[in-house]
Amino acid sequence: ELTQAGISVQPTQPENMNLAAASLLRAFRNAGFTEELVKLLLALLMVKIFKPKNVYEYALAFIGIGFGFTALEEILYGGGVRSLIRLPGFAMHMVFGIIMGVNLGLARYEKQQGGSPGKYILCGLLVPVLWHTLYDAGTAYNAWLDAADENTQSAGLIIGVISIIVSTVLEFVLLIKFKKKAATYSEMILK
């Protein structure tokens with residue numbers, strides 16, 4: 001607490017915020033925004049170099065970057081008890097790559113067809129960032145797990161398990177949807 005001109009001011013550091021806000025802020029700053037931005041830039045470079053012929057190949061470029069990112073992340077951050085809660089999310093970076101790659105590929109296809117690519121660009125960028133932030137706020141950056149009392153830690157564990165279950169179900173749904181649409185995406189030729 002700071003006192004300036006007789007007014008009491010509370011610092012706005014994450015440790016002074018409520019646990020949910022602290023978890024979300026750390027997850028967005030350390031994972032959701034930064035990791036997805038790095039993957040986006042790497043995937044766009046890969047697309048520029050290899051020039052995918054269709055939306056499916058566009059998505060594969062992003063999936064490849066996601067897989068490489070997952071491998072690197074597991075090497076750098078693996079180990080310890082917290083790494084156990086990361087295992088179900090192993091495919092998550094690849095799934096974010098599907099979302100980003102398909103939508104940005106569709107945006108490119110829509111633009112060359114004379115349409116408006118805005119909704120695809122927005123979806124391709126925002127969904128992975130938001131999903132990644134929410135998942136990591138419940139798992140890797142879960143402030144409840146760092147709390148001193150056992151009741152708060154138990155609540156954090158429940159939040160983590162729910163995050164893992166929901167994300168795993170969504171991953172399978174998305175992978176099945178992507179597989180079903182693979183032929184359609186392959187027919188969407190990019191110039």
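# Close-up views of a predicted model

**View 1. Leucine 122 in helix α4.** L122 is exposed, with a relative accessible area of 53%, and the residue has its place in helix α4.

**View 2. The protein as a whole, as a guide to the close-ups.** The secondary structure comes to six helices and two strands, and, read from the N terminus on, these elements follow the order β-β-α-α-α-α-α-α. Of the 191 residues in the protein, 38% are buried.

**View 3. The second largest pocket and its lining.** Helix α5 provides the largest share, which amounts to five residues. Sorted by class, the lining of the second largest pocket consists of 11 nonpolar residues, one polar residue and two charged residues.

**View 4. A nonpolar patch on the surface.** L157, V161, I165, V169 and V173 together form a nonpolar patch on the surface, and their accessible area comes to about 450 Å² when taken together. One of these residues, I165, lies in helix α5, the helix that also gives the largest share of the lining of the second largest pocket.

**View 5. The largest cavity.** Rolling a probe the size of a water molecule over the atoms shows where empty space is left. A search of the whole structure finds one cavity of 30 Å³ or more, and the space in the largest cavity is about 40 Å³. Its lining is formed by E36, K39, A43, F62, I65, G66, H93, F96, G97 and M100. At least two residues of this lining come from each of α1 (19-50), α2 (55-77) and α3, with α3 giving the most, namely four residues. By class, the lining of the largest cavity divides into five nonpolar, three polar and two charged residues.

View 6. Side chains of opposite charge can pair when their charged atoms come close. The whole structure contains three salt bridges according to the search, and in one of them E36 pairs with K39, the closest N and O atoms being 2.9 Å apart. Both residues lie in helix α1, where they are three residues apart, or about one turn of the helix. E36 is buried, because its relative accessible area is 2% and the term applies under 20%; K39 likewise counts as buried, at 4% relative accessibility. E36 and K39 also belong to the lining of the largest cavity.

View 7. D146 forms a salt bridge with R26, and the closest N and O atoms of the pair are 3.6 Å apart. This pair links distant parts of the chain, since D146 stands in the loop between α4 and α5 while R26 stands in helix α1, 120 residues apart. D146 is partly exposed, with a relative accessible area of 48%, and R26 also counts as partly exposed, at 22% relative accessibility.

**View 8. The salt bridge of E57 and K53.** In this view E57 forms a salt bridge with K53, with 3.7 Å between the closest N and O atoms. E57 counts as partly exposed at 27% relative accessibility, whereas K53, at 53% relative accessibility, counts as exposed.

**View 9. Alanine 91 in the loop between α2 and α3.** A91 has its place in the loop between α2 and α3, and, at 22% relative accessibility, A91 counts as partly exposed. The C-alpha atoms of A91 and I63 are separated by 9.7 Å, while the two residues are 28 residues apart along the chain.

Conventions
Residues are numbered from 1 along each chain as its sequence is written. This is a predicted model: local features need pLDDT of at least 70, side-chain atom pairs count only at pLDDT 80 or more; totals for chains, interfaces and linings use all residues. Side-chain values use heavy atoms; hydrogens and water are left out. Ala, Val, Leu, Ile, Met, Phe, Trp, Tyr, Cys and Pro count as nonpolar, Asp, Glu, Lys and Arg as charged, and the others, Gly among them, as polar. Patches are made of residues with over 30% relative accessible area and no salt bridge: like charges are joined within 9 Å, nonpolar side chains (Val, Leu, Ile, Met, Phe, Trp, Tyr) within 5 Å. Accessible areas come from the Shrake-Rupley method with a 1.4 Å probe; for residues, only the protein chains shown count as cover. A salt bridge is a side-chain nitrogen of Lys or Arg within 4 Å of a carboxyl oxygen of Asp or Glu. On a 1 Å grid over the protein atoms alone, a cavity is a set of points where a 1.4 Å probe fits but cannot get out, and a pocket is an open set with protein on both sides within 12 Å along at least five of seven lines; lining residues have an atom within 4 Å of a point. Grid points are joined across faces, edges and corners, and a volume is the space filled by probe spheres set on the points. Buried means under 20% relative accessible area, exposed over 50%, partly exposed in between (1.4 Å probe, protein chains only).
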